[in-house]
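Subject: Model handover, with notes on the fold

Hello,

Below is the structure I said I would pass on. My notes on its sheets, helix packing and backbone follow.

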Amino acid sequence: MKPAPGFVSWQDTLAAGLNTQRMGRAFRHLPECSSTNDELAHWADEGAPEGAVITADAQAAGRGRLGRAWHSPPGANLYVSILLRPSLPMMSLPPLTLLTGAVAAEVLAAAGAPARLKWPNDIMLPADGRMKKAGGILIEAATSQGRIRHVIVGIGLNVGPVDFPPGLREIAVSLGNLLSPPPSRMALLQALLNTFEAAYEAFSAEGAPYALARWRRFAWLGQLCRVARDTTEVEGRAVGVDETGALLLEDKDGKRHAILSGEVITKL
Ligand code: BTN
C-alpha cells in the first residue's frame with residue numbers, strides 16, 4: 001500500500017534527526033511484534049549491520065530481565081533494540097548494561113526527567129514520593145564456539161501516559177504521567193541513538209571503567225536492599241559498584257558484599 005500524501009514514515013523522520021555513523025542507519029519500525037529483541041536477532045542472523053535498530057508500536061511478548069514480562073501496550077512507549085557486533089570477550093559485556101542505563105538517564109535528564117539508575121538495569125523516576133520504574137534494559141548475546149556473534153541491546157521506556165494495571169501501578173511510572181507534554185518517542189529514540197553511539201565507541205576503547213564512571217553519575221544509592229543469593233539472603237545499603245560492575249551492599253556490621261547477579265529488592 002502506498003503511503004498517503006504528506007505521510008512521513010518513522011524511517012524518514014528518524015534519519016533526519018540522527019548524527020550517527022552506524023546507530024539507526026539500518027532501521028525497521030513494526031506496528032507489532034513479539035519482542036523487538038527477537039525480531040532483531042532474526043535480522044542479525046540474516047546479516048543486519050552493526051547499529052541496526054528495530055522499534056515497535058507494541059510487543060505481544062516483550063520481556064525483561066529474569067524472564068519477566070515487559071508491559072508493552074500499543075503506541076504509548078518506546079520499545080527499541082540495537083544490534084552490536086563487538087569484538088569483545090563475553091566477560092566484558094556486563095558493564096554495557098550500566099553504560100546503556102547511563103545513556104538513557106542522560107537523555108531523560110535532558111528531557112526534564114531526573115532519572116536515577118537502580119543496579120543493574122532499572123531506570124527510575126521519582127513519583128508519588130518514592131522511586132518508580134520508568135524503563136529497563138535487557139542485553140542478550142548470541143555466541144558460537146565461545147565467540148560473540150552479536151549483542152542486542154533492548155531498551156523499554158515508558159513514554160506516553162500509561163494506565164498501569166494493578167500490581168504494576170505501585171512500582172511503575174511513565175514520563176507521560178510526570179511531564180506534560182512528554183517528549184515524543186521519536187525525539188527520545190534519536191537522542192538515545194546519538195548519545196549511545198559515542199558512548200559505545202568510548203566503552204569499546206576504554207572498557208569497564210568508562211561505563212562505570214558514566215553510570216555512577218546517575219546511580220541510585222543509599223537505599224536499603226535485599227538480594228537473594230543461592231540459599232541465603234544479603235541485606236544492606238547499596239553503596240556503589242566495584243571495578244567489575246558488581247553492586248556493593250554494606251550490611252549492618254559494615255561488611256561489604258559484592259553482588260554479581262540477582263534481583264535487588266528495595267526495602268521501603
Ligand atoms: C527489564 O527491566 O527487566 C528490562 C526490560 C527491557 C524491555 C525492552 S522493550 C524492547 C526490548 N524487547 C524486549 O522484549 N525487551 C526489551
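An open sheet of 5 strands has the order β11-β10-β9-β8-β12, with antiparallel pairing. Two strands count as paired if DSSP finds at least two bridges between them. Strands here are DSSP runs of E with at least two residues, helices are runs of H or I with at least four residues, and both are numbered from the N terminus. At the edges of this sheet are β11 (256–259) and β12 (264–266), each of which pairs on one side only. From one strand to the next, the twist averages 45°. Axes are lines fitted to C-alpha atoms, for helices over the stretch in contact, and angles between N-to-C directions run from 0 to 180 degrees. Between strand β10 (residues 247–250) and β11 there are 4 bridges, in the antiparallel sense. Leu247 has Ile259 as its bridge partner in β11.

Before the rest, the basis of these notes: this is a predicted model, in which local features need pLDDT of at least 70 and side-chain atom pairs count only at pLDDT 80 or more, while totals for chains, interfaces and linings use all residues. Residues are numbered from 1 along each chain as its sequence is written, and side-chain values use heavy atoms, with hydrogens and water left out.

The other sheet

There is also an open sheet of 7 strands, in the order β1-β2-β3-β7-β6-β5-β4, and its pairing is mixed. Its edges are β1 and β4 (116–118); each has a single partner strand, so one side of each lacks a neighbour in the sheet. Neighbouring strands are turned against each other by 20° on average, with direction ignored.

Strand β1 (residues 27–30) runs parallel to strand β2 (residues 53–56), and 4 bridges join them. Phe27 is bridged to Val53 in β2. Together with helix α2 (residues 36–45), β1 and β2 make a right-handed β-α-β unit. Right-handed means that, with the strands pointing away from the viewer, the path from the first strand over the helix to the second runs clockwise. On to strand β3 (residues 78–84): β2 pairs with β3 over 4 bridges in the antiparallel sense, and Thr55 stands opposite Val80 in β3.

α4 lies across β1, β2, β3 and β7 (147–157), and runs at about 25° to β3. Contact, here and below, means heavy atoms within 4.5 Å.

Helix packing

α3 and α4: helix α3 (residues 94–110) and helix α4 (residues 185–206) have axes that come within 9 Å and cross at roughly 140°. That makes α3 oblique to α4; angles under 35 degrees count as roughly parallel, over 145 as roughly antiparallel, 65 to 115 as roughly perpendicular, and the rest as oblique. The crossing is right-handed, which is the case if the near helix is turned clockwise from the far one by less than a right angle, and left-handed if anticlockwise. Residues in the contact include Leu96, Leu99 and Val103 of α3 and Leu192, Phe196 and Phe203 of α4. By class, the contact has 14 nonpolar, 2 polar and 1 charged residues. Ala, Val, Leu, Ile, Met, Phe, Trp, Tyr, Cys and Pro count as nonpolar, Asp, Glu, Lys and Arg as charged, and the others, Gly among them, as polar.

α4 and α5: the axes of α4 and helix α5 (residues 208–216) are 6 Å apart, at an angle of about 135°. α4 and α5 are therefore oblique to each other. Thr195, Ala199, Ala202, Phe203 and Glu206 of α4 meet Ala208, Pro209, Tyr210, Ala211 and Arg214 of α5. This contact divides into 7 nonpolar, 1 polar and 2 charged residues.

α3 and α5: these axes come within 8 Å and cross at roughly 35°, in a left-handed crossing. Among the residues that meet are Pro95, Leu98 and Glu106 in α3 and Tyr210, Arg214 and Trp215 in α5. The contact has 9 nonpolar, no polar and 2 charged residues.

Backbone

Most residues other than glycine have a negative phi, and most peptide bonds are trans. The bond between Trp119 and Pro120 is cis, with omega about -5°; Pro120 lies in the loop between β4 and β5 (122–127). Ser180 and Pro181 are also joined by a cis peptide bond, with omega near -5°, and Pro181 is in the loop between β7 and α4. Asp128, in the loop between β5 and β6 (130–144), has a positive phi near 55°.

Regards
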